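My entries follow the order in which I looked.

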Amino acid sequence: MMQIDYDKISVDLEEQFQVYHRLLVSPINGINWENLLYNSLIKQSDDVVWNPGSHQVGTDIRYNGIGISCKGGRVRGKNKPIFKVSSHRTTSYVTLEEKIEYLSENHEDVFFCLSYKDDMPTHHYTLYTFSSDILNYKSLEWKITKGGWKGESSSITARISSSMSDQLWLDIPLSLLNERAIIEIPK
């Protein structure tokens, strides 16, 4: 699907993360994560588009026609670890059915998720990827909760939080993700 050399990307990202952390102590996230990934991807293809600050839904970077959503998140749990990540805001849609319909549209093709561990003696990052195909919102068992809605399947949990602009939060088991790189930079 995506002709990405993950070995090259991990080496290149590690070099960029070292430069970043020579200047800044704060973890890499948000637009900085998008920028560093873009810097690596343009070394592998001439067909890479990134519009910093764009408010395009879902896709942050287009790589050879593939829409990439760049996310930061945390790994939670020891026995059955999950990757917890925020996603779309759904306040424009009133009913749960409208929200599910919106979330089910193809906003991105693949997610590049950067996880940071706070409790390490180093800046410890793990890059995970997964195809948006694993997110089938219509197949989840949805119910109303105290703070919004919750949809579950045998593997994925999705929550829409009313107190946070009806933002979607996902809990995805690490077993469904592709671990692409571990990067450690001295503090």
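Which residues of helix α3 (residues 96-104) are buried? I worked on a predicted model, in which local features need pLDDT of at least 70, side-chain atom pairs count only at pLDDT 80 or more, and totals for chains, interfaces and linings use all residues. Residues are numbered from 1 along each chain as its sequence is written, and side-chain values use heavy atoms, with hydrogens and water left out.

**Entry 1: helix α3.** I found Leu96, Lys99, Ile100, Tyr102 and Leu103 buried in α3. Buried means under 20% relative accessible area with a 1.4 Å probe, protein chains only. Helices (H or I, at least four residues) and strands (E, at least two) are DSSP runs, numbered from the N terminus. Viewed down the axis of α3, the buried residues lie within an arc of 160°, so they line one face of the helix; the arc is that of the directions from the helix axis to the C-beta atoms. They pack against β4 (82-89), β7 (141-145), β8 (148-152), β9 (157-161) and β10 (167-173), with contact meaning heavy atoms within 4.5 Å.

**Entry 2: nonpolar cores.** I took a core as a set of buried Ala, Val, Leu, Ile, Met, Phe, Trp, Tyr and Cys residues joined through side-chain atoms within 4.5 Å. The largest has 27 residues, of which Phe17, Trp33, Leu37, Leu41, Ile68 and Phe112 touch the most other members. Elements that each supply at least two residues of this core include α1 (6-23), α2 (30-41) and β3 (66-76). Helix α1 gives the most, with five residues. A second, separate core of 22 residues includes Phe83, Leu96, Ile160 and Leu168. I also listed the contacts of Phe17: leaving out residues up to four places away in sequence, Phe17 touches Ile28, Trp33, Leu36, Leu114, Tyr125, Ile183 and Ile185.

**Entry 3: cysteines.** How many disulfides are there? I counted zero, taking a disulfide as a pair of cysteine sulfur atoms within 2.5 Å. The sulfur of Cys70 is 9.0 Å from the closest cysteine sulfur, in Cys113, and is therefore too far for a bond. Cys70 is buried at a relative accessible area of 10%, and Cys113 is buried at 0%.

Entry 4: On a 1 Å grid over the protein atoms alone, a pocket is an open set of points where a 1.4 Å probe fits, with protein on both sides within 12 Å along at least five of seven lines; lining residues have an atom within 4 Å of a point. Of its 17 lining residues, Val75, Arg76, Gly77, Lys117 and Asp119 are the closest to its centre.

How values were computed: Buried means under 20% relative accessible area, exposed over 50%, partly exposed in between (1.4 Å probe, protein chains only).
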